Amino acid sequence: MDFELLTIQDCPHSSAARELFSRAAELEGNDPALIEVRQILTDEEAEASGFHGSPTFMVDGIDLFPSMAEPAMTCRVYRTAGGLSGLPSLESLRQAIQARRAP
């Protein structure tokens, strides 16, 4: 599995997203050192990457939290049990990783 974290410059959640993704990947039996972090710099790059806001968690080129929003250079929010947040919960991220692994 290829793990990639997409962010924008000055994203307030970049560090926490990296830590969360690393933890989720490790709990799912993957090497967190293999997570590639890539900064999206232009609207064109956002469009080409299917980037719907920062942070975006990708596995094998697929957004783990599909969005119907237009690709954009913006912050992203996730639904959690506590309401909207700049990061998904660890459990929802793990479930999304597991779903990508399922046949």
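What percentage of the 103 residues in the chain do buried residues make up? Buried residues account for 40% of the 103 residues, where buried means under 20% relative accessible area, exposed means over 50%, and partly exposed lies in between (1.4 Å probe, protein chains only). The structure is a predicted model, in which local features need pLDDT of at least 70 and side-chain atom pairs count only at pLDDT 80 or more, while totals for chains, interfaces and linings use all residues. Residues are numbered from 1 along each chain as its sequence is written, and side-chain values use heavy atoms, with hydrogens and water left out.

The chain contains three helices and six strands, which follow one another from the N terminus in the order β-α-β-α-β-β-β-β-α. Because its radius of gyration of 13 Å is close to the 13 Å that the globule rule gives for 103 residues, the chain is as compact as a globular protein of that length. Helices (H or I, at least four residues) and strands (E, at least two) are DSSP runs numbered from the N terminus, and the radius of gyration is taken over C-alpha atoms, the globule rule being 2.2 Å times the number of residues to the power 0.38. Along the principal axes, the C-alpha atoms fill a box of roughly 35 × 30 × 25 Å. Of the contacts between residues at least 6 apart in sequence, 61% join residues that are at least 24 apart, a contact being defined by heavy atoms within 4.5 Å.

The accessible surface of the chain comes to about 5800 Å², and 50% of this surface belongs to carbon and sulfur atoms; the areas come from the Shrake-Rupley method with a 1.4 Å probe, and for residues only the protein chains shown count as cover. The chain carries 8 positive and 16 negative charges, whose mean positions are 8 Å apart. In this count Lys and Arg are positive and Asp and Glu negative, with His and the chain ends not counted, and the place of a charge is taken as NZ of Lys, CZ of Arg, CG of Asp or CD of Glu.

E4 lies in strand 1 (residues 3-8) and counts as buried because its relative accessible area is 16%. The side chain of E4 makes a polar contact with the side chain of R38 at 2.8 Å; such a contact is a pair of N or O atoms within 3.5 Å, of which, within protein, one must be able to donate a hydrogen and the other to accept it, and residues adjacent in sequence count only if both atoms are side-chain atoms. When neighbours within four places in sequence are left aside, E4 is in contact with F21, E36, R38, T56, F57 and M58. D63, placed in strand 4, is likewise buried, since its relative accessible area is 11%. The side chain of D63 makes a polar contact with the side chain of R76 (3.0 Å), and the side chain of D63 also reaches the backbone nitrogen of F65 at 2.9 Å. Leaving aside neighbours within four places in sequence, the residues in contact with D63 are G50, H52, T56, F57, M58 and R76.

Turning to the helices, A17 is found in helix 1 (residues 14-27) and is counted as buried because its relative accessibility is 0%. Residues up to four places away in sequence not being counted, A17 touches L5, P55, F57 and L87. A17 and E4 are 13 residues apart in sequence, and their C-alpha atoms are 11 Å apart in space. Q95, by contrast, belongs to helix 3 (residues 90-101) and is partly exposed, with a relative accessible area of 44%. The C-alpha atoms of Q95 and P12 are separated by 24 Å, the two residues being 83 apart along the chain.

Several backbone features fall in loops. A cis peptide bond, with omega of about 0°, joins S54 and P55, and P55 is found in the loop between helix 2 (43-49) and strand 3 (56-59). D10 lies in the loop between strand 1 and helix 1 and, although not a glycine, has a positive phi of about 65°; D10 is exposed, its relative accessible area being 70%. D60, located in the loop between strand 3 and strand 4 (62-63), is not a glycine either, yet has a positive phi of about 55°. With a relative accessible area of 36%, D60 is partly exposed.
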